[in-house]
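Biologist: I am new to this structure. Please show it, and then I will ask how its labels were assigned.

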Amino acid sequence: MQLKDMSWPAVDALSRDIPVLIPIAAVEQHGHHLPLYTDSYLLGEVVQRAEGQFQQQALVLPLQWYGNSHHHMDFAGTLSAEPRTYLDMLHSVVSNMLDHGFRRILVINGHGGNDVPGKQSLFEIRQNHRQRDDLLLLFATYWSLAGAPKDSIPELVQKEMAHACEWETSMMLAINPELVGDYLRQELIEPGNPFRPAARAWTTKDRSPTGHIGCPAQATPEKGEKLLAHFASGITRMIERMQAWDGQSWDG
């Protein structure tokens, strides 16, 4: 169910134990060959495919395209909220749904830069409601929910998500090929090992002069279809786990 298409009485009639999905993505540079709205296109598609499987069993909020993308601001067109502003915005959206009585909320993410503020916003909300034991507040990035795609899609070259890479380019070729530029001429840019296991602070230009990271030249629409199906299945399974939660247990 799409919140945007419902009247307030229809929303008010829902069980407060229905899972609520809040999709968050970004508008930011994606190299020379993909549009700035790539993360939002892809998350919207994955959520739509998952919704076709769980149908009336979850409430889906409108996709939030304004993300935390400061590391891409050296590239024209990128839009980015200040990290604290972004955290507070997510805090407000989640709190709105809690104010309406909903208890099981999944913030489903489609952009790596949203990860830290997204998790922090839910952590802060939980502390504000520490006396309650009936809340399920979850944050997940869509490409982490269904296991490693390489295990079920052996033709993939990359083992993990990068940026404007084989995976994202393949998925865009599957859903919006007319928006994909000359990906075949884009050179391989390795993710590298930036002092792991430490977390290094970086901007995208530290890593890539063109803005992409990975191997977009290896992309195909066939890989994209398989990736989209794989990621949609991960969201569906998470919704099922949220539905099955007993309302109090730590494990799910």
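Modeller: Ile 22 stands opposite Val 107 in β3. This is a predicted model, in which local features need pLDDT of at least 70, side-chain atom pairs count only at pLDDT 80 or more, and totals for chains, interfaces and linings use all residues. Residues are numbered from 1 along each chain as its sequence is written, and side-chain values use heavy atoms, with hydrogens and water left out.

Biologist: What makes β1 and β3 a pair of strands?

Modeller: Strands are DSSP runs (E, at least two residues), numbered from the N terminus. Two of them pair if DSSP finds at least two bridges between them. Strand β1 (residues 20–24) and strand β3 (residues 104–109) are joined by five bridges and run parallel, so they pair by that rule.

Biologist: Why is the contact between Glu 166 and Lys 223 called a salt bridge?

Modeller: The term requires a side-chain nitrogen of Lys or Arg within 4 Å of a carboxyl oxygen of Asp or Glu. In Glu 166 and Lys 223 the closest N and O atoms are 2.8 Å apart, so the pair qualifies.

Biologist: How do you know whether Glu 166 is buried or exposed?

Modeller: Buried means under 20% relative accessible area, exposed over 50%, and partly exposed in between (1.4 Å probe, protein chains only). Glu 166 has 0%, so it is buried. Lys 223, at 8%, is buried as well.

Biologist: Why is Arg 103 called partly exposed?

Modeller: Its relative accessibility is 23%, so Arg 103 counts as partly exposed. Asp 17, which meets Arg 103 in a salt bridge (2.9 Å, N to O), has 31% and is therefore partly exposed too.

Note on methods
Helices (H or I, at least four residues) and strands (E, at least two) are DSSP runs, numbered from the N terminus.
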